[in-house]
Amino acid sequence: MSAREPIMATTGLSATDPQALLDAVLRSNAGTTEPRLRQILAAAIRHLHAFALETELTPAELDIGLDFLVAIGQASGPKKHEGILLADILGLATLVQLRGARHALAAGGTEPALVGPFWRSGQPLRSHGECIASAETPGPRLTVRGRVCSLDGRPLAGARVETWQASPRGLYDNQDASQPNMNLRGRFETDAEGRFSFLSVRPAGYPVPTDGPCGELLAAQGRHTMRPAHLHVLVVAEGHRVLATQFFDAEDPHAHDDVVFGAVGSLLRRFEPDGQGGYTLDLELRLEPGATLIPKCPLP
Ligand SMILES: [Fe+2]
């Protein structure tokens, strides 16, 4: 160290040697007893230090970032999770989900997509062919027919299929006082051939919530806020990994520009005209064998 180099408060650290600081912080993490937590913390420390160096982050900019994280927490509550939205609009949630499913995808499994914030617990059990839309829900009729199978094509009987969607006005039942409770939602059980079917109305795209700090971030980035129209499906079958995915209307103007990056190619579908003013959607859901871990349901 030269005589002119400023000495930092912690012995041995110098303002011109960021590696020494990084090494000291990593050593402070070495006592973390849980191995996976130790690994994640070490990687986070390395990347945060590299981020600050790459951007030459100033103290004032660090304060802005920390205030943003505080605002994310303050905007969250029992009915809203701004942190999920942040992970979504940065593409982090989609990245984590796709990486976790890469082995199943390589074997021909159905691509997953985000569960999202609108799945509700206690969705009503419905019979095959039943309509999930109330009589007051306007919009073009949609007939959905699906088949659940394992990677080898073997049908999965008795699988639980949950579905939920926005209305043709782009609103879920819990956002819209004009819709009855549990409208456009249902739970089905597959038959001996792994099949299920239901009637509905064609969904519309909708904006993500923009009344919190994520809305400010999207505005600062000059981004739109729209998700393409989609149908959520979650499948639980014994001996298989749970599949949560979404099927997107390939004709939606944002089909290739989803604000949360969930509309990947294999999940785009053409809603086929049925010749009577309605549409049909045929789905095959291929599940990977494994532990059946049901994700946490975000809404009652
Ligand atoms: Fe959705």
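**Strand pairing and helix packing in a predicted model**

Strand β1 (residues 141-150) runs parallel to β11 and is joined to β11 by nine bridges, where strands, like helices, are DSSP runs numbered from the N terminus (E over at least two residues for strands, H or I over at least four for helices), and two strands pair if DSSP finds at least two bridges between them. The structure is a predicted model, in which local features need pLDDT of at least 70 and side-chain atom pairs count only at pLDDT 80 or more, whereas totals for chains, interfaces and linings use all residues. Residues are numbered from 1 along each chain as its sequence is written.

The partner of β10 is strand β11 (residues 279-287), to which β10 is joined by two bridges in an antiparallel arrangement, and E272 stands opposite T280 in β11.

A further open sheet, of five strands and likewise of mixed pairing, has the order β3-β2-β7-β8-β9. Its edge strands are β3 (185-189) and β9 (268-269), each of which pairs on one side only. Strand β2 (residues 160-165) and β3 run antiparallel and are joined by five bridges, and the bridge partner of W164 in β3 is R185.

The domain assignment, whose bounds come from an automatic or database source, divides the protein chain into domain 1 (18-57) and domain 2 (82-287). The C-alpha centres of domain 1 and domain 2 lie 38 Å apart.

Helix α1 (residues 18-29) packs with helix α2 (residues 35-55) at an angle of about 160 degrees, their axes being 10 Å apart; axes are lines fitted to C-alpha atoms, for helices over the stretch in contact, and angles run from 0 to 180 degrees between N-to-C directions. The angle therefore makes α1 roughly antiparallel to α2, a term applied to angles over 145 degrees. In this contact, P18, L22, V25, L26 and N29 of α1 meet R38, L41, A42, I45, R46, H49 and L53 of α2, contact being counted where C-beta atoms, placed from the backbone, lie within 7 Å.

Methods. Parallel < 35°, antiparallel > 145°, perpendicular 65-115°, else oblique. Contact = placed C-beta atoms within 7 Å.
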